[in-house]
Amino acid sequence: DAETADYKARIAEALQRHNAVLVAHYYTDPVLQALAEETGGCVSDSLEMARFGKEHPATTLVVAGVRFMGETAKILSPEKRILMPTLEATCSLDLGCPIDEFSAFCDQHPERTVVVYANTSAAVKARADWVVTSSCALDIVNHLMDRGEKILWAPDQHLGDYIQRQTGADMLLWQGSCIVHEEFKAKALLDLKKVWPEAAILVHPESPASVVELADVVGSTSQLINATRTLPNPVFIVATDRGIFYKMQQAAPDRRLIEAPTAGDGATCRSCANCPWMAMNTLPRVLQSLEQGSDEILVDPQLIPRAVLPLQRMLDFTR
Ligand code: CIZ
Ligand code: SF4
């Protein structure tokens, strides 16, 4: 509509004026994903957001996503100004892994290599040997296993459990979870598959094991988008945040995309396949942070030299 078009035009102009670029996660509002594409920014998963932000020449990055993504951008590019539509956008995995408790857990297991998911605070990253995202976690854990290393994994228990089952690695798991993916229900998914027998089931591994077991493809957001491009099925049932449908529709315009069920017995769920923190990213907030320089991400400068090591290790490994 006219208001949306007006916001988009004003943001595009402000991006230019501030030598800024917009980077949006797959789970944000499709309006923001389209705007990022139209203005020369990028839409991607957290690994590629990190790489894009670091390599792009803009001096200001506007990170539409959640707080850990902004912090990662700052750690990798401390000389750049990192703005977020709102600093309140966080993540249940980050919240569920406070540095003091995590640090004590690491201290109890000094013989283990510490591998943390990107969905963590800068302080937790600074305590880690490796950072991984769901797109590279399997490869990195396999690599560590080949070197005979035992792993301490945080924070997502479901992703950790999935990787442990796939690799057979010795992994001690922190018990965090994602409030979006933990809502998917296996029983209801089975019922839906009976309605659509020709469908392929695509599942993000932050989902519970019972849901992962039913999947035709288990993978990161980029891997799931790719599956809609390469699989022949006319229908896909998708267990991850519904924001991803924007890119899946681009990848496979002639297929039917269906949300995996989140509430098996009519019970209510907290998130219903849409991350409440991702949803805080709106056009007015993007414009406001650009115009006012508000919601700038700052990371304790003392943490940066330590936190950059495990992040750079991941970027080098996946290059
Ligand atoms: O659930 C998330 O926040 C994901 C999938 C992040 C990412 O790695 O892109
Ligand atoms: Fe965190 Fe889950 Fe939201 Fe991703 S979808 S930001 S893992 S709460």
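Select Ser134 first: beyond the residues up to four places away in sequence, Ser134 touches Leu159, His204, Pro205 and Ser220. The model on display is a predicted one. Ser134 lies in the loop that runs between β6 (130-132) and α8 (137-146). Ser134 is classed as buried because 27 other C-beta atoms lie within 10 Å, and the cut-off for that class is 20 or more.

Next, colour the annotated positions. The unreviewed UniProt entry assigns the feature "binding site" to His25, Ser46, Tyr117, Ala118, Asn119, Ser134, His204, Pro205, Glu206 and Thr221. Among the contacts of Ser134 are His204 and Pro205, and the UniProt record lists both under "binding site".

From there, move to Glu206, in the loop between β9 (199-203) and α11 (209-212). Glu206 has 28 C-beta neighbours inside 10 Å and therefore counts as buried. With neighbours within four places in sequence left aside, the contacts of Glu206 are Asp156, His158, Leu159, Cys178 and His181.

Finally, display helix α1 (residues 2-17) together with helix α14 (residues 283-292). Their axes come within 10 Å and cross at roughly 25°. The angle is under 35 degrees, so α1 is roughly parallel to α14. The crossing of these two helices is left-handed. To view the contact itself, select Thr4, Tyr7, Lys8, Arg10, Ile11, Ala14 and Leu15 in α1, which meet Leu283, Pro284, Val286, Leu287, Leu290 and Glu291 in α14. Coloured by class, the contact between α1 and α14 shows nine nonpolar, one polar and three charged residues.

Notes. Residues numbered from 1 in each chain as written. Chains lettered and ligands numbered in written order. Predicted model: local features only at pLDDT ≥ 70, side-chain atom pairs only at ≥ 80, totals over all residues. Axes fitted to C-alpha atoms, helices over the stretch in contact; angles between N-to-C directions. Helix = DSSP H or I, 4+ residues; strand = E, 2+ residues; numbered from the N terminus. Parallel < 35°, antiparallel > 145°, perpendicular 65-115°, else oblique. Left-handed = near helix turned anticlockwise from the far one by under 90°. Contact = placed C-beta atoms within 7 Å. Nonpolar A, V, L, I, M, F, W, Y, C, P; charged D, E, K, R; others polar. UniProt positions renumbered as here; feature names shortened; annotations may be inferred. Buried ≥ 20, exposed ≤ 12 C-beta atoms within 10 Å, placed from the backbone.
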